[in-house]
Amino acid sequence: RFIAKPCAINLGIQDSGPHRAQPNAILEKVFTSITKSPDGKRLEGLSKQLDWDVRKIQRWFRHRRNQDKPTTLTKFCESMWRFTFYFSIFFYGIRFLWTAPWFWDTRQCWYNYPFQPLTSRLYYYYILELAFYWSLMFSQFTDIKRKDFLIMFVHHLATIGLITFSYMNNMVRVGTLVLCLHDASDFLLEAAKLANYAKYQRLCDAFFMLFGVVFIVTRLGIYPFWILNTTLFESWELIGPYPSWWLFNGLLVTLQVLHVIWSYLIIRTASKALVRGKVSKDDRSDVESSSEEEDVTSNSTKGIFSTSSNGSNRLNGHVAGGQWTGE
């Protein structure tokens with residue numbers, strides 16, 4: 001309200017939503033009481049009842065669905081808040097871990113376990129991360145439902161479970177490594193979305209490409225060969241298969257499966273970007289296309305980043321469109 005909104009206004013972002021559908025009592029009743037996406041048979045019936053062309057009715061329903069979506073200004077403010085948190089917590093974690101012995105030698109995570117001291121800096125690092133992921137868990141149910149809702153739900157559950165479980169079992173050393181590694185790419189994604197909302201397309205594409213490289217290196221390279229290696233093999237060697245070993249590593253492996261899925265989506269979007277010269281349409285769009293040519297196929301052309309009728313877009317988890325967009 002006091003920082004992000006003034007920044008957005010200075011960048012020329014207007015607080016205006018998508019094109020609003022013209023008032024129509026019959027279509028509004030169908031939209032609110034029956035369906036927001038009528039099938040062909042219902043469209044034909046409404047066409048005869050209103051004496052409207054079927055494509056005009058499809059366009060009305062698309063506009064009606066889009067007008068409930070947040071404005072570009074709202075999305076800019078949300079992304080700026082997330083960027084601020086991810087950026088701050090990542091560099092806090094790096095500064096804290098740089099002097100930690102287990103950052104350079106992961107075997108230190110298990111020496112003298114579980115009798116390892118919990119410092120105040122480590123404690124606040126954990127509490128801040130846990131509070132933030134709980135906020136994401138709750139806001140997911142009130143935010144726009146996207147195609148990767150289930151994946152993000154599982155991700156938040158696994159993350160909260162890991163943070164809580166590792167804290168209760170004093171596995172905070174390896175836990176800080178997991179947290180810092182995951183924060184390394186997230187602020188770059190939010191920076192890309194901010195650039196997109198401000199219509200700096202080249203900067204947006206550059207941030208996204210950098211995000212993709214960092215994401216893949218950290219999640220498909222460092223995470224399995226650094227984190228999973230110490231939790232699966234070094235812990236087994238140094239302290240043996242403790243009772244919660246299977247659950248702890250099961251949650252970590254679940255995260256790795258999600259990393260593979262997201263990496264595939266990122267690589268696919270990046271490939272399209274190289275061909276088309278800019279980041280292509282998002283596969284998990286929350287705002288439908290406003291072009292009349294896409295009336296019939298709008299549902300099948302949604303992507304990871306998308307564009308609304310006023311040029312805005314949304315990404316909760318990962319990837320973008322001729323404009324952008326989770327999560």
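Predicted model: local features only at pLDDT ≥ 70, side-chain atom pairs only at ≥ 80, totals over all residues.
A polar contact here is a pair of N or O atoms within 3.5 Å; within protein, one of the two must be able to donate a hydrogen and the other to accept it, and residues adjacent in sequence count only if both atoms are side-chain atoms. Residues are numbered from 1 along each chain as its sequence is written, and side-chain values use heavy atoms, with hydrogens and water left out.

Let us start with the overall fold. The protein has 11 helices and 0 strands, where helices (H or I, at least four residues) and strands (E, at least two) are DSSP runs numbered from the N terminus. Of its 327 residues, 51% count as buried; buried means under 20% relative accessible area, exposed means over 50%, and partly exposed lies in between (1.4 Å probe, protein chains only). The protein exposes about 15,800 Å², and carbon and sulfur atoms supply 63% of that area. Such areas come from the Shrake-Rupley method with a 1.4 Å probe, and for residues only the protein chains shown count as cover.

The UniProt record (an unreviewed entry) annotates "transmembrane region" at residues 83–103, 123–142, 207–226 and 246–267. Its positions are given in the numbering used here, feature names are shortened, and annotations may be inferred rather than shown by experiment. In the model, residues 207–226 are 100% helix and 0% strand, with end C-alpha atoms 26 Å apart. Residues 246–267 are likewise 100% helix and 0% strand, and their end C-alpha atoms lie 31 Å apart.

Now to the interior. A nonpolar core is a set of buried Ala, Val, Leu, Ile, Met, Phe, Trp, Tyr and Cys residues joined through side-chain atoms within 4.5 Å. The largest one has 55 residues, and Leu-97, Trp-102, Tyr-223 and Phe-248 have the most contacts inside it. At least two residues of this core come from each of α5 (72–97), α6 (101–104), α7 (120–142), α8 (149–168), α9 (172–197), α10 and α11 (245–276). Helix α9 gives the most to this core, with 12 residues. Apart from this core lies another, of 10 residues, among them Leu-27, Leu-43, Leu-50 and Trp-60.

What surrounds Trp-102? Not counting residues up to four places away in sequence, Trp-102 touches Phe-96, Leu-97, Gln-108, Cys-109, Leu-122, Arg-173, Thr-176 and Leu-177; contact means heavy atoms within 4.5 Å. Tyr-125, in helix α7, counts as buried because its relative accessible area is 0%. Beyond its neighbours within four places in sequence, Tyr-125 contacts Ile-89, Tyr-92, Gly-93, Phe-96, Thr-176, Leu-179, Cys-180 and Asp-183. Tyr-125 and Tyr-92 are 33 residues apart along the chain, yet 8.0 Å separates their C-alpha atoms.

Here are the two side chains promised at the start. Ser-235 belongs to helix α10 (residues 201–239) and is buried because its relative accessibility is 0%. A polar atom of the Ser-235 side chain lies 2.5 Å from the backbone oxygen of Thr-231. Thr-218, also found in α10, is buried with a relative accessible area of 7%. A polar atom of its side chain lies 2.7 Å from the backbone oxygen of Val-214.

What about the cysteines? A search of the whole structure finds 0 disulfides, a disulfide being a pair of cysteine sulfur atoms within 2.5 Å. For Cys-7, the closest cysteine sulfur is in Cys-77, 8.8 Å away, so the distance is too far for a bond. Cys-7 is partly exposed, at 29% relative accessibility, whereas Cys-109 is buried at 3%.

Finally, have a look at the loops. Most residues other than glycine have a negative phi, and most peptide bonds are trans. The peptide bond from Tyr-113 to Pro-114 is cis, with omega near 5°, and Pro-114 sits in the loop between α6 and α7. In the loop between α8 and α9, Asn-170 has a positive phi near 55° and is buried, with a relative accessible area of 15%. Lys-199, in the loop between α9 and α10, has a positive phi of about 65° and is exposed, with a relative accessible area of 64%.
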